[in-house]
Amino acid sequence: MAMDIDFSEYRLRCQLRGHEDDVRGICVCDNGGIATSSRDRTIRLWSLDQPKDTAYTSSKILLGHTSFVGPLAWIPPNEQFPEGALISGGMDTLVLVWDLATGEKVQTLKGHKMQVTGVALDGSDIISSSVDCTLRRWKGEHQSEVWEAHKAPIQVVRRLDSGELITGSSDSTVKLWKGSTCIHTFSGHTDTVRGLAIMPGLGILSASHDGSIRLWALTGEVLLEMVGHTAIVYSVDANTSGLVVSGSEDGLAKIWKDGVCVQSIEHPGCVWDVKFLENGDIVTACSDGVARVWTVHEDKIAEALELESYTSLLSQYKGSRKRVGGLKLEELPGLEALQVPGTKDGQTLIVREGDNGVAYAWNMKEQQWDKIGEVIDGPDDGMKRPVLDGVQYDYVFDVDIGDGEPIRKLPYNRSDNVYDTADKWLLKENLPLSYRQQVVEFILQNSGQKDFMLDSSFRDPYTGASAYVPGQPSKSVASKPTFKHIPKKGMLVFDAAQFDGILKKISEFNSALRSDPGQQSLSLSEAETERLSAIAKILKDTSHYHSSRFSDDGISLLLKLLKSWPVSMMFPVIDVLRMVILHPDGSTHLKRADDENDTFMELIRKVTSSPLPPNLLTSIRAVVNLFKNSGYHLWLQKHRVEVFDAFASCYSSSNKNVQVSYSTLVLNYAVLLIEKKDDEGQAHVLSAALEIAEGETLEVDAKYRALVAIGSLMLEGSVKKIALDFDVGSVAKLAKASKDSKVSEVANDIETLIKQS
């Protein structure tokens, strides 16, 4: 999947300002207009500004819904509607039809019991979906058919050109319907399916709360999985050119080509909806109340002034989310605060300097403020503040709504209005607003504002940070036996790197080669050293991974060093490789090299023929990072036996980091082979994991990851019986006695599983 040279970046074309609250939905009308729906209860129509056809102006406002408006669909002009019509669905449970010639609502379709989440035109009938789990077919204002299409809320409905309907639901599936008969269920997402689109000529796209987008053939086969968003994906759309666009809670609209993200467009808020226009431009709906059009056509790009003001809006937005030592950056005083003398020796003050918070201490003797240094978010009160979607909060609660739905995360800051927090969260999760009071009470109880105890004993096992779990679930937020640590979803990677240290080590080794007459020819020229620094520079700049590119000669230099440098000097070079793997363009380059020269297997053979801990450590971590990119999944599956044979000694290594890295490899393999339904591979990984779990002297983290692999393989894989034959019970019993709470908890999960069999 080579990166396409002819992909042009999307740039801002214009902003559609007018809504007073989140823009929730977009409908592209065939007459060249755009319709947007909003939380402000209105729908706005936008038409091309005639004098300069780059911008749109608001041409009509449709008033009639009594609560926020979501899905929209277009009815092409006909006898009844000479200028076309619009269908809208709302939180008020209504489906409304609007005549665009007059802007008046002409039909009110009443019947749904809860929020309407999807509307579609099927011939002359209207189809609607709802949180009430039903699909309804309407002929005029008359409801001609109602059926319970899923056992959980339906989030979206679309009609295929061939006449079938598709629905996405909180039960994590997509269903294909002929009439009211389900002809196929697509299972694979691990959380709510929120958005659907048609990929011309190929199949169906689905966007999910699990953070991924999938492309399915109508037969049910997964053709592509697009992974890159860091939060709920709300919407997806495709263009005849083969591009795909997705919108997410993480504030990005991502553009994908052949399953690879080629651009991420930042927004000052979450992106609720995304749609392609006929000409390939993209419309996005954002929670800041603005819809925006993005273009690849040079002559349509916005004026420099508008582009600049958008850039500053983004940095302001990021600043408002950045927190320093538990304080909002934007609320810190500026340098002028240092004009005021302190009152006692050692008194501290944090002021804002640029994008950072800097601490000063008052020096009584000298009567001046002494700079202590930059404030990094350290643990406050011995607690690391929980993070959700990259933002820190005072609390992130786990909420179990029952009904077999996934556990959901509810973030809350004590400075926020608790009712606003509840409303926003219910909207985000598409839950009925009737839960509002209950959610408010839940937050107040669990944030200790009604003298309730917090369960602070929970620690996130991968990052070691604390999170809060509700101690007292309120009545209908039922808790049921769930597993605390299994199944593991997603891949772990090693993405931290000290580039300065790595480059320093390479230059040290290079000097040694240069001063040894026998090895002088292996040393790097000045230009080559520069090339390595250029690679490190690109890798350091993580916020531009979507657009930065490596030079071919930089990557080939890296591969040359891996081949030619003495084994004892390889580890810093492998460490650079490990990071290049995580970069989209880097991994594309490496994939090409690997297809031609079997780079990775060669490297593994070279490293393990004379095993040195630093080489083992860096090369296992490099292989672990390959899991992040689904383009390597086939390679990993194919070379499983060789990879495990090569690193087999690592589980008993005396180096604790090598142990943890090896058990991470085992855990990633478990996740991959469960997904690929590879039974033979699962049995192999299970035995590797059991070997670690039974080991005596093992590092806690290594043991923990091995146990999570075992539990996940038993719960979701096909090897539960094999595990029981291997006496997994006694492994769990041993681990349950561990002093480390996460090890004993996952052992408890495994015991629960054994009891169920």
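Here are some notes on ring pairs, charges over rings and salt bridges in this predicted model.

1. Let me start with the aromatic side chains. Across the whole structure, a search turns up eleven aromatic pairs. One of them joins Phe-627 and Tyr-669 in an edge-to-face arrangement, with 4.9 Å from centre to centre and 85 degrees between the planes. These two residues are 42 apart in the chain and bring distant parts of it together: Phe-627 sits in the loop between α10 (613–626) and α11 (633–638), while Tyr-669 belongs to helix α13 (residues 656–675).

2. Are the two partners of that pair buried or exposed? Phe-627 has a relative accessibility of 1% and so counts as buried. Tyr-669 comes out at 0%, which also makes it buried.

3. Tyr-669 has another ring partner in Phe-644. Their centres lie 5.1 Å apart and their planes meet at 40 degrees, so this pair is classed as tilted. For your reasoning on the label, planes under 30 degrees apart would count as stacked and those over 60 as edge-to-face. Phe-644 is in helix α12 (residues 640–647) and Tyr-669 in helix α13, so the contact ties together parts 25 residues apart in sequence. Phe-644 is buried too, at 3% relative accessible area.

4. Phe-627, Phe-644, Tyr-662 and Tyr-669 are linked by ring pairs into a cluster.

5. Arg-621 lies over the face of Phe-494, 4.5 Å from the ring centre. In the other, the charged end of Lys-742 sits over the ring of Tyr-704, at 5.4 Å from its centre.

6. Now to the charged pairs. Side chains of opposite charge can pair when their charged atoms come close. How many salt bridges does a search of the whole structure find? The count is 30.

7. Asp-122 lies in strand β10 (residues 116–122) and Arg-159 in strand β14 (residues 154–159), so the bridge connects parts separated by 37 residues in sequence. Asp-122 counts as buried because its relative accessibility is 14%, whereas Arg-159 is partly exposed at 30%. Both residues belong to a network of salt bridges that also takes in Asp-125, Arg-137, Lys-139 and Glu-145.

8. Since Asp-500 is in helix α4 (residues 499–514) and Lys-540 in helix α5 (residues 526–540), the pair ties together parts 40 residues apart in sequence. Asp-500 is exposed, with a relative accessible area of 55%, and Lys-540 is partly exposed at 48%.

9. Asp-595 and Lys-591 form a salt bridge with 3.4 Å between the closest N and O atoms. The two are four residues apart in helix α8 (residues 584–597), which means that about one helical turn separates them. Asp-595 is exposed at 56% relative accessible area, and Lys-591 is partly exposed at 24%.

Conventions. Residues are numbered from 1 along each chain as its sequence is written. This is a predicted model: local features need pLDDT of at least 70, side-chain atom pairs count only at pLDDT 80 or more; totals for chains, interfaces and linings use all residues. Side-chain values use heavy atoms; hydrogens and water are left out. Rings of Phe, Tyr and Trp (its six-membered ring) pair if their centres lie within 6.5 Å; planes under 30 degrees apart count as stacked, over 60 as edge-to-face and the rest as tilted. Buried means under 20% relative accessible area, exposed over 50%, partly exposed in between (1.4 Å probe, protein chains only). A charge sits over a ring if NZ of Lys or CZ of Arg is within 6 Å of the ring centre and within 35 degrees of the ring normal. A salt bridge is a side-chain nitrogen of Lys or Arg within 4 Å of a carboxyl oxygen of Asp or Glu.
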